[in-house]
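Let's walk through this structure together, from the whole chain down to single residues. Please keep the sequence and the 3D view open as you read.

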Amino acid sequence: MIGMRPPKDFFRPLAVGAPEPLREIPVRPSRMIHFFPPSVDKMVAKVPDIIPTVDVLLANLEDGVPATDKDAARAGMVRVAQDNDFGETQFWTRINSLDSPWCLDDLTAAVLEAGEALDVIMVPKVEGPEDIHYVDRLLAQLEAKAGLDTPLQVHAILETARGVANVEEICGASPRMQGLSLGPADLAANRRMKTTRVGGGHPGYLVRSDPDADNPEAARATFQQDLWHYTIARMVDACVTHGILPFYGPFGDIKDTQACEDQFRNAYLLGCVGAWSLHPVQIGIAKTVFSPDPADVAHAKRVVDAMGDGTGAIMLDGKMEDDASVKQCRVVLELARELSARDPELAEAYDL
Ligand SMILES: CC(=O)SCCNC(=O)CCNC(=O)[C@H](O)C(C)(C)COP(=O)(O)OP(=O)(O)OC[C@H]1O[C@@H](n2cnc3c(N)ncnc32)[C@H](O)[C@@H]1OP(=O)(O)O
Ligand SMILES: CC(=O)C(=O)O
Ligand SMILES: [Mg+2]
């Protein structure tokens, strides 16, 4: 395809001295990507206590940080990288967009001053594979200069209509591609959707039941629909096709913990591995939602045990199980095992 490297060159380093690109994206618990503004000293002071409670800690340099604080945020990200032991927790940063005056400095500082600690660079407002190609080459040059042994991975936010239209090309643009997040606020603005909420549903987006023929004046039930279903489903298919990981993004109504949990669970059920937490109260929600329910794990184990070599069809509790449903159960068990290795409470609850 025009603009794509030939298959034999896809895994070659893009700069002399840069590390070998990864062949597989490492799968690590990533139930929440916890955002904090590294320009705010009070938040930076909380980082050592937050690290053991989250799967991913992200130093945000982009939207949410005032223009006047961009240099302070970048310096705060570097300080957090250098002053902390992250243990099993991943450390990511979100850089400013590629058309901003801060992006080049963000990338340079991230690799040269924080590259040993960072796992993933989140790139906002990615519109097509050309954006990933730019970041890919620049990261290789910087990694060579920094003498890094492991390549940084790239996570793109899907937050423009053109980004959604190009989602598959974005996912396949580089071996660095680790995953995608939904950016519902910028995406709504770019698409001229008429919601002013940061993620979540809208009471006006609904379907209504038919009128009762015998009682046409009776109230008709309405059912709120999910504004983000289409985009999340597209994102999941594109990510799975390319062996990378889909995430739901932010839920801005911090006080509405119930609707946040619902939105996160819809994403979990559709195939996402995690969501963003913007506030400490959302960390626990993501942890609960993106960890399989122990009852589901127990059921999955029963099905796998009952299915023997995994072929054929059986009846269990009045339900048909077969080669396909056993695969569904293995998905749940695999996730439960990964999370058990990280979390002793879950290991006990799952008893695997
Ligand atoms: C569309 C997008 O791009 S979304 C991504 C960009 N936006 C962000 O990253 C926002 C991240 N979140 C935040 O900055 C903050 O949560 C805010 C500004 C929204 C709210 O902060 P506050 O007004 O301080 O909230 P609140 O008073 O409820 O906070 C309670 C405590 O949690 C702390 N806290 C709040 N958010 C965070 C956070 N993200 N990480 C760590 N600690 C936090 C507060 O500092 C406060 O601590 P204290 O009790 O010691 O004073
Ligand atoms: C997540 C994000 O950046 C957005 O919703 O715009
Ligand atoms: Mg955005």
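**A guided tour of the fold**

Among contacts between residues at least 6 apart in sequence, 72% join residues at least 24 apart; two residues are in contact if their C-beta atoms, placed from the backbone, lie within 7 Å. What you see is a predicted model, in which local features need pLDDT of at least 70 and side-chain atom pairs count only at pLDDT 80 or more, while totals for chains, interfaces and linings use all residues. Residues are numbered from 1 along each chain as its sequence is written, and chains are lettered from A and ligands numbered from 1 in the order in which they are written.

Let's start with the overall picture. The protein has 13 helices and 12 strands; these are DSSP runs, numbered from the N terminus, with helices (H or I) of at least four residues and strands (E) of at least two. Its radius of gyration is 22 Å, close to the 20 Å that the globule rule gives for 352 residues, so the protein is as compact as a globular protein of that length. That radius is taken over C-alpha atoms, and the globule rule is 2.2 Å times the number of residues to the power 0.38. An automatic or database domain assignment divides the protein into domain 1 (7-290) and domain 2 (296-350), and their centres, taken over C-alpha atoms, are separated by 29 Å.

Now turn to the sheet. It is open, has 8 strands in the order β9-β6-β5-β4-β3-β2-β1-β10, and its pairing is parallel; two strands pair if DSSP finds at least two bridges between them. The edges are β9 (245-247) and β10 (275-277), each of which pairs on one side only.

A residue is buried if 20 or more other C-beta atoms lie within 10 Å of its own, exposed if 12 or fewer, and partly exposed in between, with C-beta atoms placed from the backbone. M32, H34 and F36 point one way from β1, and I33 and F35 point the other way. This strand pairs with β10 over 3 bridges, where I33 has W276 as its bridge partner. It also pairs with β2 over 4 bridges, and there F36 stands opposite A59.

Continuing across the sheet, β2 (residues 56-60) and β3 (residues 90-94) are joined in parallel by 5 bridges, with L57 opposite F91. Then 3 bridges join β3 to β4, and W92 stands opposite V120. From β4 (residues 120-123), V120 and M122 point one way and I121 and V123 the other, and all are buried.

Leaving aside residues up to four places away in sequence, L118 touches A81, F91, W92, T93, A110 and L152.

Finally, visit P151, in the loop between α4 (129-146) and β5 (153-158). P151 counts as buried because it has 21 C-beta neighbours inside 10 Å.
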